[in-house]
Amino acid sequence: MQRFGFPASHRDVNREQRRTDSTDRNDPAERPAPTDRELAARTLEGDEFAFRTLYRRHTPRLWPLLLRMLGGEAARAEAEDAVQETWIRAVRSLDGFRWDAAFSTWLTGIGLNCARELIRKRKRRSETSTDGLLELLPGGPAPDPGRRLDLEDAIAALPDGYRTVLVLHDLEGYTHPEISDRLGIAVGTSRSQLHHARRAVRELLEPTGQESSHGT
Amino acid sequence: MGHDEIEWTEEEREALDRLPREADPGRLLEERTVAALKERGLLEGGRRSRTDRIVGRPGLGPFHPAWWAAAIAAGLALFLGGLALGQARSGITADDLMTALRSAETAERPTLIQQTGSLYVDALASLAADSPDRETVGTGVEVGITALYAAAYELARLHPEDPRLRLVIQALESRPTNGDPETDVHWF
């Protein structure tokens, strides 16, 4: 299975250290930055500064993941709700976090659950929304010829299920068994979703009869 | 299965690699999230209780004159560096500085912030030198302190571990008020 050389970011404990290091650049006294665990402990005591530090350390990574999962800029409001809800649940659950995984891993898991719940709500509101793939596959209605899609647009245009698997696998580095475990779907379903997702992205980026636009 | 056999081309992979993995959702979301946590009682709601807990020094309470004096002195010290060095002060307006700040290279920004701080101090010095009426002085002091608070708060966000900033913020948050919402709050 091609993994594109992306780090398995959800398991990358070293990322925690890199973030910690990055905060040191703002520290004129070069004191060691507080660890996630220290900040979490202070957040549990109600410390707003500690929470903001934790938030600023981890939200820049969480935000694009949830934004993409929910459908890109068109779903910005939902993604903002997801980020907020993620942090609310995280702070509520901090006391029970055992720190046997990286904080970022745990937070991402909460974020994924929030995003999936929002997607489920969206589906309940409009059951037909999952038929969007028909518009992307050969034989379906052609995308607006006047609009050139980039990769981000193409991912955003995928049906929710396909997009979720593609984002987790191809951008976040999850394996199919991990996606299966996280989303509660069969490994085969994950593979199938990825297959269809990639094909749909290609179709979007390379409309029939036009020059290749791979990678643009 | 065979369903995972579609592989990206090298070009497609590179395009995926170029997609940003980190992005800032904006300050408003942070504020909204903090507010939501406070509403749910998951963060301290009042500034005073928060900083009281952070600093919490018995025997030197928030209304103690020495505390107040030390806090203000510490806060002003944040700006006095710029005044002491006095670099490029003459002829620079606040508009000039803000324009420069927005376009400056990262390395230049501390110097520009220093100059902005000098302007702040100059403004206070000017107020004192002009011997204005009591009401004007009162308003000037109130606005000046609020500016000091806003600056200290932003600095604390940059460097939450700095005890000087916590000291300043606690003192400013716990200062006596006259109960008049029109003069008690000058927020930026």
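Here's a quick briefing on chain A, one of its helix pairs, and where chain A meets chain B. Keep in mind that you're looking at a predicted model. Chain A is built with 9 helices and 0 strands, and its contact with chain B draws on 43 residues from chain A and 41 residues from chain B.

**Chain A overall**
- Start at the N terminus of chain A and the elements read α-α-α-α-α-α-α-α-α.
- Chain A has 216 residues, and 40% of them count as buried.
- Take the contacts in chain A with a separation of 6 or more: 64% of them come from residues 24 or more positions apart.

**Helices 2 and 3 of chain A**
- Helix 2 (residues 36–44) and helix 3 (residues 48–70) of chain A pack with their axes 7 Å apart, at an angle of about 140°.
- That angle is why helix 2 and helix 3 of chain A count as oblique to each other.
- As for handedness, the crossing of these two chain A helices is left-handed.
- On the helix 2 side you'll find Asp36(A), Leu39(A), Ala40(A), Arg42(A) and Thr43(A), which meet Ala50(A), Phe51(A), Thr53(A) and Leu54(A) of helix 3.
- Sort the residues of this helix 2–helix 3 contact in chain A by class and you get 5 nonpolar, 2 polar and 2 charged.

**Where chain B touches chain A**
- To recap the contact, chain B puts in 41 residues and chain A 43 residues.
- On chain B's side, helix 1 (10–18), helix 2 (27–39), helix 3 (47–55) and helix 7 (134–158) each supply at least two residues.
- That side of chain B splits into 19 nonpolar, 18 charged and 4 polar residues.

How values were computed. Residues are numbered from 1 along each chain as its sequence is written. Chains are lettered from A and ligands numbered from 1 in the order in which they are written. This is a predicted model: local features need pLDDT of at least 70, side-chain atom pairs count only at pLDDT 80 or more; totals for chains, interfaces and linings use all residues. Two residues are in contact if their C-beta atoms, placed from the backbone, lie within 7 Å. Helices (H or I, at least four residues) and strands (E, at least two) are DSSP runs, numbered from the N terminus. Ala, Val, Leu, Ile, Met, Phe, Trp, Tyr, Cys and Pro count as nonpolar, Asp, Glu, Lys and Arg as charged, and the others, Gly among them, as polar. A residue is buried if 20 or more other C-beta atoms lie within 10 Å of its own, exposed if 12 or fewer, and partly exposed in between; C-beta atoms are placed from the backbone. Axes are lines fitted to C-alpha atoms, for helices over the stretch in contact, and angles run from 0 to 180 degrees between N-to-C directions. Angles under 35 degrees count as roughly parallel, over 145 as roughly antiparallel, 65 to 115 as roughly perpendicular and the rest as oblique. A crossing is left-handed if the near helix is turned anticlockwise from the far one by less than a right angle, and right-handed if clockwise.
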